[in-house]
Amino acid sequence: MTTASVRARPLDLVAAEWIKLWSLRSTYWVLLTAATTALAVGMLVCHSDISQWARMSPGERAATDPLAASFVGFSVAQLIFVAIGVLTATGEYSSGLIRSTLAAVPARRAVLAAKAAVVCLVTVAAGLVSALASFLAGQAILSGLHIGVSLGDPVAERAIFSAALFLGSAALIGLGLGVLIRNAAGALTAVVVLLFLAPSFLHGASRWLVDIANTLPANAIQRLVSLHPWPTAPSITESVIVIVVYPAAALAAAAYVIHRRDA
């Protein structure tokens, strides 16, 4: 067995990418910042609901979603998780180390697959911890008015796992676009437009605007963490498909490009 073939073994590639990711001190800080942000924003929103509850009309109380309130902070945390995916790809391009990596492992798609596996594992695991903490903290605050959701409720379990999956999805989208664009600023800008800015512009009564908005990850995750979905919300199945398809498409495009162009 040759040295090149040993290096190309999947477990060896995953182990190498794992070491690369955790050798960066920024990885720890980024994950901690994302988790803290998600938790803090969710707690603030839940506390705001509690403080304003007495002044709310019956209609406003009915519209309050105690489950979604815990996960409001994930709209910000997603951007931080995106940075993990983007920097995993663009860090090697900016330093020139990608040439050494691809020289050692000519199977470029295998390198991309290893990067995706590590990013997915780390971000989904971190997202699961963050989602559970945000849910428990938010519902503890809302329990003062007896409007919280129990952890044993299937809807709560769906929201927690969906939030974790969403953060992993966002990171993989960042990884795919990082490989495509090969520039951190450009890739981050593209993801911010897709995940953060586009949904804010697609509000209106037109059915076609609603349909486009429902194909975006922002609406998909909002549906999955909501106890009371809005009238034009996508279905659970449609939402899961959206969250899975976006990173799959980004990685497929990245796999095509990385195989055809020079490092």
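Which residues lie nearest the centre of the second largest pocket? The first legend below takes that up, and every view here comes from a predicted model.

**View 1. The second largest pocket, with its lining residues.** Here's the answer: Lys20, Leu21, Leu24, Leu87 and Thr88 lie nearest the centre, out of 17 residues that line this pocket. The space inside comes to about 280 Å³. Four helices each supply at least two residues of the lining, namely H2 (10-22), H3 (25-52), H6 and H8 (108-142). H6 gives the most, with 6 residues. Sort the lining by class and you get 8 nonpolar, 5 polar and 4 charged residues.

**View 2. The largest pocket, with the helices around it.** This one has a volume of about 570 Å³. Look for helices H6 (74-95), H9 (154-181), H10 (184-201), H11 (207-213) and H12 (217-224), each of which puts at least two residues into the lining. What classes of residue make up the lining of the largest pocket? There are 16 nonpolar and 9 polar residues, and no charged ones.

**View 3. Helix H10 and its kink.** H10 has 18 residues and reaches 24 Å from its first C-alpha to its last, close to the 26 Å expected at 1.5 Å a residue. Where is the kink in H10 centred? Follow the helix to valine 193, where there is a kink of about 40°. The buried residues of H10 are Ala187, Val191, Leu195 and Pro199. A handy rule for reading this view: an α-helix has 3.6 residues a turn, so residues three or four places apart point the same way.

**View 4. Arginine 182, between two helices.** Arginine 182 sits in the loop between H9 and H10. Its phi is positive, at about 65°, although it is not a glycine. For background, most residues other than glycine have a negative phi. Is arginine 182 buried, partly exposed or exposed? It counts as partly exposed, because its relative accessibility is 33%.

**View 5. Valine 129 on helix H8.** You'll find valine 129 in helix H8. This valine is exposed, because its relative accessible area is 58%, which is over the 50% cut-off. How many residues separate valine 129 and alanine 103 in sequence? They are 26 residues apart along the chain, and 37 Å apart in space, C-alpha to C-alpha.

View 6. Cysteine 46 is buried, because its relative accessibility is 0%. Cysteine 120, with 30% relative accessibility, counts as partly exposed. How many disulfides turn up in a search of the whole structure? The search finds 0. In case the term is new, a disulfide is a covalent bond between the sulfur atoms of two cysteines.

Methods: Residues numbered from 1 in each chain as written. Predicted model: local features only at pLDDT ≥ 70, side-chain atom pairs only at ≥ 80, totals over all residues. Heavy atoms only, no water. Disulfide = S-S within 2.5 Å. Buried < 20%, exposed > 50% of the residue type's maximum accessible area, 1.4 Å probe, protein only. 1 Å grid on protein atoms, 1.4 Å probe; cavity = no way out; pocket = protein on both sides within 12 Å on 5 of 7 lines; lining within 4 Å. Points joined across faces, edges and corners; volume = space filled by probe spheres on them. Nonpolar A, V, L, I, M, F, W, Y, C, P; charged D, E, K, R; others polar. Expected span 1.5 Å × (residues − 1). Bend = angle between axes of the 7 residues up to and from the residue.
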